[in-house]
Amino acid sequence: MSAPNTVNNFRAAVVQFEAVPNNIDANLDTVRRLATEAAADGAQLVVFPEMCLLGYWHLTRQSPRRLHELAQPRDGKLIRAVSWIAAELEVGIGVGFLESDREDLFNAYAVCLPNGVVHVHRKLHAFEHDAISSGNTFTVFDTPWGVRMGILICWDNNLVENVRAVALLGATLLIAPHQTGGTDSRSPHGMRTLPTALWYNRKEDPAALEAATSGESGRGWLMRWLPSRAHDNGLFVLFSNGIGRDDNEIRTGNSMIIDPYGRIVAETPVPDVAVVVADLDLDLLPLATGRRWLLGRRPELYALLTQPSGLERNARMARHSETPVPMSFRVTDPNAARQLTRASADER
């Protein structure tokens with residue numbers, strides 16, 4: 001295991017790469033290569049993107065039977081292989097995979113610590129496929145470095161309550177793996193897909209791809225909300241994202257490390273394979289604005305946050321529905337709520 005730092009820093013890396021669909025061996029080789037690069041630069045934790053060991057968006061087109069064939073248990077040979085790499089390099093390694101517990105499937109993320117301990121998070125808001133279930137628990141854990149960490153996968157981070165819960169459970173560092181950017185948003189001012197030609201012509205015209213990935217369908221969109229998750233909860237955020245072709249969409253990368261004040265400590269300058277390494281100044285935590293705000297909470301006022309409004313939808317319906325959201329979430333007519341739910345279900 002890496003020797004403890006002489007200063008109150010923790011050195012971490014976020015990685016982005018283009019996963020090869022259905023090719024676990026190739027993706028595992030990439031994880032080994034890039035984790036080795038990060039470890040050589042002193043990283044103690046290396047964070048890879050969501051579903052990086054299998055590829056992501058192509059899963060939406062697979063049959064349930066095929067998904068079960070591609071999935072592995074959390075204690076299977078795939079995660080054991082990542083654990084061996086972590087032990088060999090004496091670093092923590094976070095990877096995304098499709099988990100099977102025999103009956104159910106989950107979009108999952110494993111953090112393999114160098115001491116052999118593995119922590120697995122199941123995405124709380126899985127919208128990729130009817131056969132992929134959502135998890136029901138937060139994942140927060142202690143580490144050999146004295147840094148308490150939490151994991152939230154992709155859309156988990158968009159719902160502000162999840163990040164707040166992770167902070168209240170004591171996390172000071174949030175591992176946030178994604179496959180985002182370049183998606184076809186239902187919102188009129190949300191992201192849009194990028195032309196695939198931008199990716200295939202990236203060597204001939206790198207400026208065009210960089211402009212697109214830095215724009216409103218990539219980094220520009222992230223800047224609307226991602227730093228606030230770190231700032232408002234007083235924690236570090238390690239944002240790792242895919243880059244390049246992801247089935248019929250182009251992921252934008254933009255991997256970055258954000259401090260508890262919402263400031264970007266480091267980020268990739270290129271829309272390509274990248275390893276971003278930075279020292280996290282843990283002395284920023286005790287008086288971080290967001291952590292002081294947590295002291296001013298009035299939980300007795302927040303019962304509303306735990307009461308169903310009657311409008312709730314499962315993650316797939318909420319993510320993909322074109323039904324307008326009502327102006328008020330205060331539903332007093334149960335029949336109206338059921339009608340809205342049925343209308344959303346009909347769109348599936």
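A charge counts as over a ring when NZ of Lys or CZ of Arg is within 6 Å of the ring centre and within 35 degrees of the ring normal. Arg-202 lies over the face of Trp-199, also at 3.8 Å from the ring centre.

The model is predicted, with local features requiring pLDDT of at least 70 and side-chain atom pairs pLDDT 80 or more, while totals for chains, interfaces and linings use all residues. Residues are numbered from 1 along each chain as its sequence is written, and side-chain values use heavy atoms, without hydrogens and water.

I turn to the aromatic pairs. Rings of Phe, Tyr and Trp (its six-membered ring) pair if their centres lie within 6.5 Å; planes under 30 degrees apart are stacked, over 60 edge-to-face, and the rest tilted. The count is six. Phe-17 and Phe-48 have centres 6.2 Å apart and planes at 75°, so this pair is edge-to-face. The two residues are 31 apart in the chain. Phe-17 is buried at 2% relative accessible area and Phe-48 at 0%, where buried means under 20%, exposed over 50% and partly exposed in between (1.4 Å probe, protein chains only).

Phe-127 and Trp-155 are also edge-to-face, at 5.7 Å and 85°. Phe-127 has a relative accessible area of 4%, and Trp-155 has 18%; each is buried. Together with Tyr-56 and Trp-57, they form one aromatic cluster.

Note on methods
Helix = DSSP H or I, 4+ residues; strand = E, 2+ residues; numbered from the N terminus.
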